[in-house]
Amino acid sequence: MTHTASLNSVVRLSDYKPYPFSIPSISLDFCIEERLVQVTSSLQVEPLADSQPLILRGVDLELLSIQLDGKVLDAADFVLDGSLLRIPAPPLQPFTLTTVCRIDPHANTSLEGLYASGGMLTTQCEAEGFRRITLHPDRPDVLSRYRVRIEADRQRFPVLLSNGNALSQGPLSGDPSRHEAIWDDPYLKPSYLFALVAGDLREVRDHFVTRSGREVALRLHVEPGDEPYTSHAMDSLKRSMAWDEKVYGLEYDLDEFNTVAVRHFNMGAMENKSLNIFNSKLVLADAETATDGELERIESVVAHEYFHNWSGNRITCRDWFQLSLKEGLTVFRDQCFTADLHSAGLKRIEDASMLRNSQFREDAGPTAHPVKPDAYQAIDNFYTTTIYEKGAELIRMLRTLLGEERFMAGMRLYFQRHDGEAATTDDFVAAILEGASADRDELGFDPEQFKRWYHQAGTPTVQIHRAWDASTGELTLRFRQSTPPTPGQPEKQPLVIPLLWALLGPNGEPGEERLLVLDQEEETLVLEGLSPSARPPALSLFRRFSAPVHWQAVQDVDELFLLFAHDDDPFARWDAGQQLWRTLLLARASGTRDSDLEQRMLEALRGLLAIEGESDPAVLATLLAFPGGAELEALQKEADPPALFQAACGLRECLGRVLAPLLHQRLEALAPQLSQAWPLGQGERQLTAVIWSWLAAAGDGAVWAQALAAVHGPSMTLARAALRALLPIDCSEREMALQCFYDRWQERPVILDGWFALEAATPRTDGLARVEALLAHPRFDPMAPNAVRAVLGGLAGNPLVFHAANGSGYRFMAAQIIQVDQRNAITASRMAKVFSRWRSYAPERQALVKQALDQLAAAELSTNTREVVALMQQG
């Protein structure tokens, strides 16, 4: 008997009810055969309420048998309807339910549940993949202890892994060709944290000694030949374990910690208890095969998944509406980890830029949703920057409001109080505030009002008006906050917004940093006793990006250049520069140029680029970086991505031409540090990349040749920087560089994905035909989400091709999403969001995108993708 999933109905937070049974323990037996896998599941079930039916879920399972306390159930004893198995009248006392199911991992292209990736079998159970393995409630508030036995052919599957500690491993008696492994996880966990891997893998070993003196075996499992590329990930894991002990006092709790690298994986990585499964791209790396940014990203993701051991595993979320409870908190923790190990100021700028170009865009579009949604059709559609990164910002605001010491006291209480539980965001906020030992008057804000951040979608805007009395030195600041309507939420209420700010003197001397808590729609602050002068002191606003908001303050060019040159807060200094860059780029995109402002910027850049100017190359590279395209589009009355692209190319050409002598002088000074091993030399390579892009745009043939040579060199950071610098330029060096990169890395799929992305993003006149050829390329793997995202994501990031005036790019993308949806709904639904800003375009372009959306809507789509398309059509 086979049963498959039906279309999901809307799931609402208001309908949540506790599961009427507990399942304290589960025994799973996996018998892996040539193609199929037989799964025997024994659930120890304890009723929590009288006369409740037992409902289990299953997708694409062949049910072979079902027994209750050893007795085979008759057909009249249960109902199998679609994806639900229902036992109407289970016993009122504890009982054991045993089911035997058969599954086909090789036919499972969803990459959920148990599926084949190359020659191995692996799992992905978050959010609702466990129901593709066996019958189970498959909800996060059902916590169980798991014991797992795996049996397989010894030659095909020499490595058999699951959660917890290995109890035994060895050959099967009577059949030397097969072997078994038995795993036990002593900690309660929900089904989404179950994991299993079977395959021919190579093991890289290390160990970590905890602060209490226990030795933990660390094992990283990769495909044969990938062992040399694991040391960075392993070192990152050990740094993560040490940091969590030092900062949070949290020690790892088992005897071993396993990590597996998998090529076919929808996510970046998965925090399964003691068996983390990673997308290969986020494990296999060294300086020759990964950029500096990728190395830092790997370090961050390894830390993120490890930190989940407590913020996600030991304390999990009660239901999927609480997803940010674990993800927002763990993003906050991994951001702090990276800031501590590297540069706190630059990390904050990186996070703010990401939020502005991704999450703010999501907030302003048809798929906008709160950090704590109230309804969904497909939960996979809510693994978003709102849940993760905006959720992290809410926690950061709590830390800003409470102060570091009181916030950490609250964190300690949270981990103590809810260990072993499935909790909610309300539980988290309550523990933080109680641990901080502060009543409302001490807090200085209303906790209930703060929690509106969890329920209210959209990015708030804070308008700041000031009045300056030059004769008395009195400064009056008036603040007004508002949040625009979002789908389903036309009316918004005031939020608690922490504003860190300072005043700068006329020569840039910084004043005291202060915290202002905005919680009313309109508020006024009056500062007296300042030094009288013709100009008011400069305002340094939202220092350290103290709240995820837009703000509007009338600051003239003189004030912005003062902040750009002197602000002692790295974020505020960078933000002043971003405001100047935005003005320049938007003017060029509109068909005009602000020549006076360009001249002032050139003068400022001459000062920064001079050898005696900005001494930190990483800081300088950050100050020179242009704002992201999504951020700029949001500021246009009618978003015009091709015009913005041409504006950026034109401005880079101007800067490279006018500043050429200084740029070459900097390149010469940077050269001796370029070969340093990460993280050393990172800033030098980052600044070199910016300078190359400016000089290459100006037609500097020497830099074209230098970039081509870098593609042959030992640094992936410089090789990719060279390719990006050449990408917008129609020259022979670009084509030779792309071919060289392909020739060098064609046998390494993880790296070759970068080539696919660059090729798809190259602005050629035959760009769409080139993308079509990439999808048919013999090295393209349509089953690997990384490869699909590389090509289609590269196309979406190619303004001249994707946004072609005849709509061909939109129609092509829609057709590809339909094809991807047939095999992988999660990847397809995420790709569909490339159309999310279509309402911001000019009417002619809107009509072309609408045709593509109608093309999508007319297809037979998965629930995931249909939900996204429907939201965009309504938005």
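The secondary structure of the protein chain amounts to 29 helices and 32 strands, where helices (H or I, at least four residues) and strands (E, at least two) are DSSP runs numbered from the N terminus. This is a predicted model, in which local features need pLDDT of at least 70 and side-chain atom pairs count only at pLDDT 80 or more, while totals for chains, interfaces and linings use all residues. Residues are numbered from 1 along each chain as its sequence is written, and side-chain values use heavy atoms, with hydrogens and water left out.

To begin with the overall form, the C-alpha trace of the protein chain spans about 90 × 65 × 60 Å along its principal axes. Of the 875 residues, 61% are buried, buried meaning under 20% relative accessible area with a 1.4 Å probe, protein chains only.

A helix pair comes next. Two packed helices are described by the angle between their axes and the distance between the axes. Helix α14 (residues 617–624) packs against helix α18 (residues 682–697) at an angle of about 35°, and their axes are 7 Å apart; axes are lines fitted to C-alpha atoms over the stretch in contact, and angles run from 0 to 180 degrees between N-to-C directions. On the α14 side, Pro-617, Ala-618, Leu-620, Ala-621, Thr-622 and Leu-624 take part, meeting Gly-683, Glu-684, Gln-686, Leu-687, Val-690 and Trp-694 of α18.

The backbone also holds some points of interest. Most residues other than glycine have a negative phi, and most peptide bonds are trans. The peptide bond from Trp-678 to Pro-679 is cis, with omega near 5°, and Pro-679 sits in the loop between α17 (660–670) and α18. Another cis peptide bond joins Glu-126 and Ala-127, with omega about 10°. Ala-127 belongs to the loop between β12 (120–124) and β13 (144–153), and Asp-138 lies in the loop between β12 and β13 as well. Asp-138 has a positive phi of about 50° and is buried, with a relative accessible area of 3%. Leu-111, in the loop between β10 (95–103) and β11 (113–117), has a phi near 60°; at 4% relative accessibility, Leu-111 is buried.

Finally, Thr-483 is found in the loop between β27 (474–482) and β28 (497–504). Thr-483 counts as buried because its relative accessibility is 12%. Leaving aside residues up to four places away in sequence, Thr-483 touches Gln-456, Ala-457, Gly-458, Thr-459, Pro-460, Lys-492 and Leu-495.

Notes:
Contact means heavy atoms within 4.5 Å. Buried means under 20% relative accessible area, exposed over 50%, partly exposed in between (1.4 Å probe, protein chains only).
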